[in-house]
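Here is a friendly look at how two chains meet. Please keep the sequence and the structure at hand as you read.

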Amino acid sequence: MELRVKALETILVEKGYVDPAALDVLIETYEHRIGPKNGARVVARAWSDADYLLRLRADATAAIAELGYSGRQGEHMRIAENTPEVHNLVVCTLCSCYPWSVLGLPPVWYKSAPYRSRAVIDPRGVLRDFGVELPAGTKLRVWDSTAELRYLVIPMRPAGSEGMDQDALAALVTRDSMIGAGLALTPGKAA
Amino acid sequence: MSSCALPSYIAELRLQGLDGDQAVFTAPWEAQAFAMAVMLHERGLFTWAEWAEALSGEIRRAQRLGDPDNGRTYYRHWLNALEKLIVAKGLASTGMLSILRDQWDVAARETPHGQPVTLRPAGQR
């Protein structure tokens with residue numbers, strides 16, 4: 001693998017298609033700067049600011065860009081709001097399309113065949129695998145991401161978070177809760 | 001891994017620290033392959049829809065060939081897709097890539113341990 005990557009890099013650099021310094025910056029960005037903390041800020045704002053939530057519903061791409069998070073692939077964003085009636089789960093059945101700008105790069109399991117196939121066939125079972133037991137009356141909706149359209153789940157705001165500021169709220173929002181594979185943390189249990 | 005093994009798989013990943021927000025790449029080559037694809041796209045050499053099609057095609061092909069497709073082989077599929085798309089777009093030929101792989105292999109073996117491995121510039125190889 002290393003040799004194949006070296007060969008590719010050599011030829012692309014020699015032909016001027018990629019700049020090695022820019023590659024390093026890009027890697028550093030995805031390793032350390034872009035991650036679920038971005039999405040958590042979007043969710044915390046949505047929980048605290050009704051006007052912002054309306055903007056997210058109308059045009060999530062633009063509302064997320066307001067916070068400085070924009071996709072690199074020209075993809076559109078859409079939010080999926082969890083309610084007591086409906087729980088949303090996001091998957092990419094074909095490959096691994098994922099909202100990089102707000103969640104960073106996907107976790108290993110998101111890219112695995114068992115998740116990609118079972119999220120569609122048995123989403124309730126998948127949630128159970130993640131330790132999430134939904135009330136029987138809650139409907140499950142599964143969203144299949146594409147190269148053009150990615151989803152951000154807005155988890156339900158946890159009980160006991162009334163009056164918390166956006167920084168404190170953001171700390172309750174986990175990566176898995178924004179994929180729909182988890183719930184937001186309850187205050188007092190935040191990492 | 002069978003299709004019913006997701007719970008134990010998630011537990012295993014967590015135990016190995018592979019489910020954290022920071023567990024993005026497991027080897028430097030994965031990061032390099034990732035970044036090259038993103039950069040070529042940003043330079044307009046292919047659309048992201050073309051990329052997604054190439055990647056999902058490679059994933060399906062690997063599954064047919066018996067790959068576990070458990071997410072940990074993901075960047076192998078990514079690299080296969082990148083090589084194919086680069087050749088399809090005429091940015092490099094398979095022959096040239098193969099020659100360069102051999103040259104890197106030789107350079108790595110001829111370089112004393114602890115020294116950085118480098119290739120001579122294109123004109124001097």
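How much area is buried between chain A and chain B, and what share of it do carbon and sulfur atoms give? In this predicted model, the buried area is about 5,200 Å², and carbon and sulfur atoms give 68% of that area. In terms of residues, 52 from chain A are in contact with 62 from chain B.

Two salt bridges are found by the rule between chain A and chain B. One of them joins the side chains of R116(A) and D69(B), with an N to O distance of 2.7 Å.

On the side of chain A that touches chain B, at least two residues each come from α1, α2 (20-33), α7 (113-121), α8 (123-129) and α10 (175-179). Of everything on that side, α1(A) gives the most, with 12 residues. Sorted by class, the side of chain A that touches chain B has 28 nonpolar, 18 charged and six polar residues.

The table sets out how the axes are placed.

| Helix of chain A | Helix of chain B | Axes come within | Crossing angle |
|---|---|---|---|
| α1 (residues 2-14) | α2 (residues 28-42) | 9 Å | roughly 35 degrees |
| α1 | α5 (residues 94-110) | 8 Å | roughly 115 degrees |

The crossing of α1(A) with α2(B) is left-handed. Here E2(A), V5(A), L8(A), E9(A) and L12(A) meet W29(B), Q32(B), A33(B), M36(B) and L40(B). The residues of this contact between α1(A) and α2(B) comprise seven nonpolar, two charged and one polar.

What is the hand of the crossing of α1(A) past α5(B)? That crossing is right-handed. From α1(A), the contact draws on L3(A), R4(A), K6(A), A7(A), L8(A), T10(A) and I11(A); from α5(B), it draws on M96(B), L97(B), L100(B), R101(B), W104(B) and D105(B). By class, the residues of the contact of α1(A) with α5(B) are eight nonpolar, four charged and one polar. L8(A) takes part in the contact with α2(B) and also in the contact with α5(B).

Methods. Residues are numbered from 1 along each chain as its sequence is written. Chains are lettered from A and ligands numbered from 1 in the order in which they are written. This is a predicted model: local features need pLDDT of at least 70, side-chain atom pairs count only at pLDDT 80 or more; totals for chains, interfaces and linings use all residues. Side-chain values use heavy atoms; hydrogens and water are left out. Axes are lines fitted to C-alpha atoms, for helices over the stretch in contact, and angles run from 0 to 180 degrees between N-to-C directions. Helices (H or I, at least four residues) and strands (E, at least two) are DSSP runs, numbered from the N terminus. A crossing is left-handed if the near helix is turned anticlockwise from the far one by less than a right angle, and right-handed if clockwise. Contact means heavy atoms within 4.5 Å. Ala, Val, Leu, Ile, Met, Phe, Trp, Tyr, Cys and Pro count as nonpolar, Asp, Glu, Lys and Arg as charged, and the others, Gly among them, as polar. Buried area is the accessible area (1.4 Å probe) that two parts lose on being put together, summed over both. A salt bridge is a side-chain nitrogen of Lys or Arg within 4 Å of a carboxyl oxygen of Asp or Glu.
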